[in-house]
Amino acid sequence: MNPTAFTLAAARDALTRGEITARALADAFLERIAQTDSKLDSFILVTAALARERAQQADAERAQGIARGALQGIPLAVKDLFDLRDFPTTAASNILRQNIAAADSAVVANLDAHGAVLVGKNNLHEFAYGVTNENPHFGAARNPWQVDCITGGSSGGGAAAVAARLCLGVIGSDTGGSIRIPAALCGVTGLKPTYGRVSLRGAIPLSWSNDHAGPLAQTAEDCALILQAIAGYDPLDPASANVPTPDFSARLNEPLRGLRFVAPRDYFETDVDAEISQAARAAERVFEDLGATRVEKTLPDVTAMFETNRVTLRVEAAAYHRAWMETRPGDYGADVYARLKSSETIRADEYAHARRRQAELTRALDLFFDDIDFFITPTTRIPAPRIGSDAVALASHLTAFTAPFDVTGVPALSLPCGFTRDGLPIGLQIVGRAWHEARVLQVAHQYQRVTAWHSQMPAI
């Protein structure tokens, strides 16, 4: 038995049956990290001593009959912009290298309450402001399928770690696609929940009106189990929504018969790699075979969604970084510094109009779901390019299909739906109505029940 080949759900079952201990599981993943991560740079920090301590605690509690849920004893990691008490939160930057967290972020506190075993903090694009995860301070995270290719960003270290089986799941953040892009490029499953579903307290922000936190794991089922632990209202986070938290796994096994979906064309066909288009069309047929009905319907103005995300993100990022931009400009990587400076051309009235447009587009997209259940798109226009490619040119290709759903705040998931002839993963995006993560996860799980793309492992 190779514990690092488990899915999260399989590991949970093995722990429950007593076939493996949490300590043995943690040791297996820590050993794999030690053997493998030098090729990937997916971790900034490995918390081996903490992981072994928490694993032993999980075993002791299980022996006493104390049950903390599906994550009890499960090795997970978090993107290094979520605070973990007494450890640095660097945001993969020079500026915050010595930033020791005084308290756990809400996400980490929730994972701890559910008995998860944190094995480390993942690499990211500096301050989460980029889509390649090429980092001048901590090294470029590398794609386990081809190590000379990017992971995507900004949660690229986490996606690489899950793909390479260095942990069973991670918490990432998504502001323009930063969970779904690396999920697509690394061949794992990543969910951006509804805006406000998961607390961002104790996380370094990028854009207050676009930031989301969510899971990356091997499967939709695994993502549902992680989301269950981290979702919920947090009165100390002004963006947190006071809405009920459902059982995200409850409808996973419900069939898709009777559901209606859209596979929009036009915008989502522009500049798309032919192999990605073919894989997305094949996925449409899988959903139809599963009993869902494809209908023709035109999305609200997706181009306006993309541009609105671009304006609001740039202005809010610059607002957060203003003091450091004035006092420590030389400590930024060149690409992130250029992005922050670019906001200076945006006028206050442009930002105000963008925020109003954000509200209008969010309402229009909500109404779009009145007679459909979900829609699907490719996650990205292109597969993973090589490290060192033109980052400016890559940004629009990688965020074009993801950023519209950050600014509108709806749940969106990327899962593997194929591979290119060169052996690089292809991602499919499933988008649902606000607060309907359970539906998105159901659709994804049913797709993964009859396909095997998600179960393939890179030879790293």
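A: Contact means heavy atoms within 4.5 Å, while helices (H or I, at least four residues) and strands (E, at least two) are DSSP runs numbered from the N terminus. This is a predicted model: local features need pLDDT of at least 70 and side-chain atom pairs pLDDT 80 or more, while totals for chains, interfaces and linings use all residues. Numbering runs from 1 along each chain as its sequence is written, and side-chain values use heavy atoms, leaving out hydrogens and water.

Helix 1, residues 8–16, has Leu8, Ala9, Ala11, Ala14 and Leu15 as its buried residues (buried is under 20% relative accessible area, exposed over 50%, partly exposed in between, with a 1.4 Å probe on protein chains only). The cover over these side chains includes helix 2 (22–36) and helix 3 (48–63), as well as strand 2 (75–79) and helix 7 (220–230). After helix 1 comes Gly18, where phi is positive, near 75°.

Now to the rings. Rings of Phe, Tyr and Trp (its six-membered ring) pair if their centres lie within 6.5 Å, with planes under 30 degrees apart stacked, over 60 edge-to-face and the rest tilted. The model has 18 aromatic pairs by this rule. Phe261 is buried because its relative accessible area is 0%, and Phe374 is buried with a value of 0%.

Another pair is Tyr320 with Trp324, an edge-to-face arrangement at 5.8 Å between centres and 85° between planes. Here both partners sit in helix 9 (residues 302–327), four residues apart, or about one turn of the helix. An α-helix has 3.6 residues a turn, so residues three or four places apart point the same way. Tyr320 counts as partly exposed because its relative accessible area is 25%, and Trp324 is partly exposed at 21%. These two rings also belong to one aromatic cluster, together with Phe127, Trp208, Tyr332 and Tyr337.

Helix 9 matters for the next feature too, as the main contributor of lining residues to the largest pocket: six of them. On a 1 Å grid over the protein atoms alone, a pocket is an open set of points where a 1.4 Å probe fits, with protein on both sides within 12 Å along at least five of seven lines; lining residues have an atom within 4 Å of a point. The largest pocket has 28 lining residues, and nearest its centre are Tyr129, Arg310, Arg339, Ala395 and Thr399. Besides helix 9, helix 10 (334–342) and helix 12 (391–399) each give two or more residues to that lining.

Arg310 is itself part of helix 9, and it is partly exposed because its relative accessibility is 39%. Its C-alpha atom is 22 Å from that of Pro385, which lies 75 residues away along the chain.
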